[in-house]
Amino acid sequence: MLKLNRRVAALRPSATMAAEARATELKEAGVDVISLAAGEPDFDTPERIKEAARRAMASGQTKYTPVSGTSRLKQAICAKLKRDNGLDYEPAQVMASAGGKQGAFNTIATLFDEGDEVIIPTPAWVSFAEMVRLSGAQPRLVPAPEGQGFRLGAQDLRAALSANSRGIIINSPCNPTGAAYREEHLRAISRVLLEAGLWVLCDDVYEHMTYDGRPPHLFTIEPRLRERGIVLNSLSKTYAMTGWRLGIVAGPREVISAVARLQGQNSGNPNSIAQAAAIEAITGPQDEVAAMVAEFRRRRDFVVERVRALPGFSLPNVPDGAFYAFPNVTPLLGVKWKGEPLGDGDGVARMLLDEAQVALVGGNDFGAPQHVRISYATSMANLSEAFNRIERVVRRMLGA
């Protein structure tokens, strides 16, 4: 029997990537599948960014760069953090990675060790817990109740603390719920975080995709948290650059130096062409971002209306940002399909893929098995047809 590293052997595949891969497989087999599973904008990368990449290739920027990114890119990242977040960083306190996922993984692997606990408010992105386990630490999954808008309260955080608590990961707006922490929530939890002395990892990947104004950054609300604070971000969502793989990490100089040492051994520098494109993305006109967000807001409003009209679905909280809705499907869980109850969100997602040819992601690996995640990063035509299909199937199954 093949013997694997025990942490790798225990590693679960990404539920979101698996759902999208299954939808792609069916499409290639000729099945008319509409995917509401993808976690990426359906817009193309802006032309100005692609042109910057072409210029970089033409000028020979095709060699190794410093592991943590070029000097010009790090200066651009510092300018972005000041412009968008009100945060002052020096180039030695920032770095680039091959996508936000690599930046998050390398940071978690650098900061946490055996015996440590890392608090993750759930529902949460499926990769956070697995990254923590790979570091040797243990994820402490703490429910952020649906009745609180899927936001972790200060009292929830305080109750979750233990002698082994060493860090927390805060994702706002959140994948999968679309919930964003407002200023009053951030002020309340900042006091607990200061007392606890945790490492605070702020995942800001969806920061620009908020629909009712952006609150101040947690580290501007409480600057003292920066001493043990990490900013995680990427260009993937903001600039529709998912395939370019360019992430951002910012934090204390010693931490960034250590994360860069790890990156130097497990991958080396991010793609040199993507770095040149990232400079243009960050420093150039931001009009495309506003236009994309306006379209996502239009889709969000449509999705909320359609979800709330579906039998068996409930969506009490309107998503504040990102491009996901996370409805509760509890009334469907007892419905029998192929002789067995659907049981959980994964079961509902499997049924809808088979019966309606619509791909969603079950909520199980997000820490909320009574939910499903719907991505509205697709056209209004696709959304309309997908909901028509879902409605026909659930009405038939519920006899509604």
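Predicted model: local features only at pLDDT ≥ 70, side-chain atom pairs only at ≥ 80, totals over all residues.
**Entry 1: α5 and its two partners**

I began with helix α5, residues 100–111, and looked up how it meets helix α10, residues 253–266; the two pack at an angle of about 115°, and their axes lie 9 Å apart. That angle makes α5 roughly perpendicular to α10, and I noted that α5 passes α10 in a right-handed crossing. From α5 the contact takes in Q102, N106, T107, A109, T110 and L111, while α10 contributes V255, A258, V259, L262, Q263 and N266. Sorting the residues of this contact by type, I find six nonpolar, six polar and no charged.

I then turned to the pairing of α5 with helix α6, residues 126–135, where the axes come within 8 Å and cross at roughly 40°. The two helices, α5 and α6, are therefore oblique to each other, and their crossing is right-handed. On the α5 side I listed K101, A104, F105, I108 and A109, which meet S127, M131, V132, L134 and S135 of α6. By type, the residues of the contact of α5 with α6 come to seven nonpolar, two polar and one charged. I also wrote down that A109 of α5 takes part in the contact with α10 and in the contact with α6.

**Entry 2: I169 in strand β5**

Next I looked up I169, which sits in strand β5, residues 165–171. Its relative accessibility is 2%, so I169 counts as buried. Leaving aside neighbours within four places in sequence, I169 is in contact with I108, V118, I119, I120, P121, F128, V132 and L201. For a separation along the chain, I checked I169 against R182, 13 residues apart, and their C-alpha atoms are separated by 16 Å.

**Entry 3: helix α11**

How far does α11 reach from its first C-alpha to its last? For this helix of 12 residues, numbered 272–283, I have 17 Å, which is close to the 16 Å expected at 1.5 Å a residue. Of the 12 residues of α11, 11 are buried, so the helix is largely enclosed by the rest of the structure. The buried residues are S272, I273, A274, Q275, A276, A277, A278, I279, E280, A281 and I282, and I note that E280 and Q275 are included in that list. As for what surrounds them, the buried residues of α11 pack against α3 (47–58), α4 (71–85) and β8 (247–250).

**Entry 4: A240 in a loop**

I then went to A240, whose place is in the loop between β7 (229–234) and β8. At 8% relative accessibility, A240 counts as buried, since the cut-off for buried is under 20%. The C-alpha atoms of A240 and P41 are separated by 5.6 Å, although the two residues are 199 apart along the chain. Beyond its neighbours within four places in sequence, A240 is in contact with P41, F43, D44, T45, L235 and M292.

**Entry 5: α13 and α14**

Last, I looked up helix α13, residues 345–356, and helix α14, residues 380–398, whose axes come within 10 Å and cross at roughly 110°. That makes α13 roughly perpendicular to α14. In this contact M351, L352, E355 and A356 of α13 meet R389, I390, V393, V394, R396 and M397 of α14, and the residues divide into seven nonpolar, no polar and three charged.

Methods:
Residues numbered from 1 in each chain as written. Heavy atoms only, no water. Axes fitted to C-alpha atoms, helices over the stretch in contact; angles between N-to-C directions. Helix = DSSP H or I, 4+ residues; strand = E, 2+ residues; numbered from the N terminus. Parallel < 35°, antiparallel > 145°, perpendicular 65-115°, else oblique. Left-handed = near helix turned anticlockwise from the far one by under 90°. Contact = heavy atoms within 4.5 Å. Nonpolar A, V, L, I, M, F, W, Y, C, P; charged D, E, K, R; others polar. Expected span 1.5 Å × (residues − 1). Buried < 20%, exposed > 50% of the residue type's maximum accessible area, 1.4 Å probe, protein only.
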